[in-house]
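Here's a quick briefing to read alongside the model. Have the sequence and the 3D view open, and we'll go topic by topic.

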Amino acid sequence: MLKRPILAANWKMHHGPTASKTFMETFLAGYQPREDRTVVVFPPAVSLTAVTWMAASRPDILIGVQNIHWAEKGAFTGETSAEMAKDSGASMILVGHSERRHVFGETDAQCAKKCVAAARVGLPFMLCVGEKIDQREAGATSDVVTRQLREGLAQVANLISADFLLAYEPVWAIGTGLTATPGDASAIHTLLRAELTAMIGTRADDIPILYGGSVNVGNAATLVAAPEIDGLLVGGASLDAGSWIKIVEA
Ligand code: 13P
């Protein structure tokens, strides 16, 4: 089981191989292995190999891929399969990030196929769920996140073990400087765990649920200390190695 808290950096489309190496040099020098937490870095796919090489002597740091295609191979220009990501060093897969959903039009059905692909290669995967501001204002948050959870896991629920992770990222909090309060985030995490329990019984107890959305050096410790927040998924504030060290040490 992954040690908690789980601190995950999602670099999005930042840090090609050269910048990734520079980041990892600073990060590895400044962050020593710790028994009481798990650190994950999701670089862009083109930087997976570079980051994996840099972290070769640091099995405490997991490297993940931000997105996969569901097919093993084929005529899918520009895509990366789960098999290819694993071959490049990924040991975790992000599925259904809100930017995939809302910028690239990814559907719940496509997320479900990606979860199947992640399970096929035997890698832990982190399904992201989260409501948009209009959905929140319409009181639809719980409907949206439970639908994303249920439909995303539709074909793999029977396989789910502690290797599965969930991330709650309210879309209105991503990159906006607005953060869900620890209480609000806890409440949604509690709801998500109840839904998971309804789906897979007591296996839900072990599933980490991470919060993401404008996490920074100043709010990381408070958020991660809140009930039911098992870790953080961090975008902008993870791009600078110095600030990322402060967050993982939080
Ligand atoms: P920010 O931390 O930049 O708000 O991004 C959150 C996110 O989308 C992480 O996956």
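Phe-27 and Tyr-31 are both buried, where buried means under 20% relative accessible area, exposed over 50% and partly exposed in between, with a 1.4 Å probe and protein chains only as cover. Bear in mind that this is a predicted model, in which local features need pLDDT of at least 70, side-chain atom pairs count only at pLDDT 80 or more, and totals for chains, interfaces and linings use all residues. Residues are numbered from 1 along each chain as its sequence is written, and side-chain values use heavy atoms, with hydrogens and water left out.

**Aromatic rings**

- Rings of Phe, Tyr and Trp (its six-membered ring) pair up if their centres lie within 6.5 Å; planes under 30 degrees apart are stacked, over 60 edge-to-face and the rest tilted. By that rule, the count is 5 aromatic pairs.
- Take Phe-23 and Phe-27: their ring centres are 6.0 Å apart and the planes sit at 40 degrees, so this pair is tilted.
- These two are 4 residues apart in helix H1, which puts about one helical turn between them. (Helices are DSSP runs of H or I with at least four residues, strands are runs of E with at least two, and both are numbered from the N terminus.)
- Phe-23 is buried at 5% relative accessible area, and Phe-27 is buried at 0%.
- Phe-27 also pairs with Tyr-31, with ring centres 5.3 Å apart and planes at 5 degrees, so that pair is stacked.
- Put together, ring pairs link Trp-11, Phe-23, Phe-27 and Tyr-31 into a cluster.

**Elsewhere on helix H1**

- Ala-19 belongs to helix H1 too, and at 33% relative accessibility it's partly exposed.
- Between Ala-19 and Met-1 there are 18 residues' separation in sequence and 31 Å in space, C-alpha to C-alpha.

**Arg-37**

- Where does Arg-37 sit? You'll find Arg-37 in the loop between H1 and E2, and it's buried, with a relative accessible area of 9%.
- Its side chain makes a 3.0 Å polar contact with the side chain of Asp-36. (A polar contact is a pair of N or O atoms within 3.5 Å; within protein, one must be able to donate a hydrogen and the other to accept it, and residues adjacent in sequence count only if both atoms are side-chain atoms.)
- A polar side-chain atom of Arg-37 is also 2.6 Å from the backbone oxygen of Val-248.
- Beyond its neighbours within four places in sequence, Arg-37 has contacts (heavy atoms within 4.5 Å) that include Lys-3, Tyr-31, Val-248 and Glu-249.

**Helix H10**

- Helix H10 (residues 241–248) has 6 of its 8 residues buried, so the rest of the structure largely encloses it.
- The buried ones are Ala-241, Ser-243, Trp-244, Ile-245, Ile-247 and Val-248.
- Their cover includes strand E1 (6–10), helix H1 (17–30), strand E2 (38–42), helix H9 (220–225) and strand E8 (231–234).

**Around the ligand**

- Ligand oxygen atoms lie 2.9 Å from a polar side-chain atom of Glu-169, 2.8 Å from a polar backbone atom of Ser-214 and 2.9 Å from a polar backbone atom of Gly-235.
- On its own the ligand exposes 310 Å², and the protein buries 95% of that; these areas come from the Shrake-Rupley method with a 1.4 Å probe.
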